[in-house]
Amino acid sequence: MDAGDGPSKQSENLSDYQRNRIEENRQKAFSLRQARLQAHPYNADLKKQETAVSVNNVIKVSGTKYIDSGGGFLIEQRINPTEEEEAAKSEPVPEKDAVSVPVEYDECIECGDRFADSYLLNTFAYAVCDACRDPDGQHSLITRTEAKQEYLLKDCDLDRREPPLKYISRKNPHNVRWGEMKLYLHLQIEKRALEVWGSEENLMRQKEEREEKREVAKVKKYNKRLKELRMDVRSSLYDKTVQAHVHSYGDSEQYNEADDTYTRTCESCGHSETYEKM
């Protein structure tokens, strides 16, 4: 069999339905090509084809609308879709492996309303809605240093005691070169102080005791500094410490012929000592 007989043999084996589909596709491709050529700005004077009309980058061919995406391809869209196509288009297409996530709501401890999201909840895990938030009042912030000084808290009370308190970091407004400030919710700091000290009375008692110790330390430091100043200027107000006595014997040495020894007496205190000379 010759090589030239291949296409004719294959065409003879095609059914009528396949021949019609091939001819339809060929006509459609030819019509699309003619429509795109006509829509080109340099071919505006070309004769319009009866089967294609181009308006605003939309090409209609044999009951089918093609939209020029501008990216080098056309989007096919039927002008008169069937009922089945309309039903399929209106029905939502389920996504594979999609998992429905239930929305969790919290109850605001101020007004009692239910809400799903708020600034205090996301930042400090404090269940208060944005409508009840009072940033200048009961929901104000406090720095880590102020919390430790005012409520006598330690680093472990803020970071290690369960649950660790949440905070936000902000640049120091006094000097940008300093480290960032850690800001805590004032209400949570007060609650943590009650957990540490047991009650507000114990906290106040501890603050008073520390204040007294601080005043005593200040007095001691002042007295020490004053003593150092007196020693520096050798003031007469300074009471010098007693120094060790040094004997002054002068010429009071006497010889004892009986035992061949010498005796001398201190001129200031009267102390006497006996010794031998080699």
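Helix H7 supplies five residues to the lining of the largest pocket, the largest share. This is a predicted model, in which local features need pLDDT of at least 70, side-chain atom pairs count only at pLDDT 80 or more, and totals for chains, interfaces and linings use all residues. Residues are numbered from 1 along each chain as its sequence is written, and side-chain values use heavy atoms, without hydrogens and water. Helices (H or I, at least four residues) and strands (E, at least two) are DSSP runs, numbered from the N terminus.

**Sheet**
- Three strands form an open antiparallel sheet in the order E7-E9-E8; two strands pair if DSSP finds at least two bridges between them.
- The edge strands, each pairing on one side only, are E7 (141-143) and E8 (168-170).
- Three antiparallel bridges join E8 to E9 (residues 181-185), and isoleucine 168 has leucine 183 in E9 as its bridge partner.

**Helix across the strands**
- Helix H7 (residues 186-197) lies across E7 and E9 and runs at about 75° to E9; axes are lines fitted to C-alpha atoms, for helices over the stretch in contact (heavy atoms within 4.5 Å), and angles run from 0 to 180 degrees between N-to-C directions.

**Largest pocket**
- A pocket is an open set of points on a 1 Å grid over the protein atoms alone, where a 1.4 Å probe fits, with protein on both sides within 12 Å along at least five of seven lines.
- The largest pocket is lined by 13 residues (an atom within 4 Å of a point), and Pro163, Leu165, Gln188, Lys191 and Arg192 lie nearest its centre.
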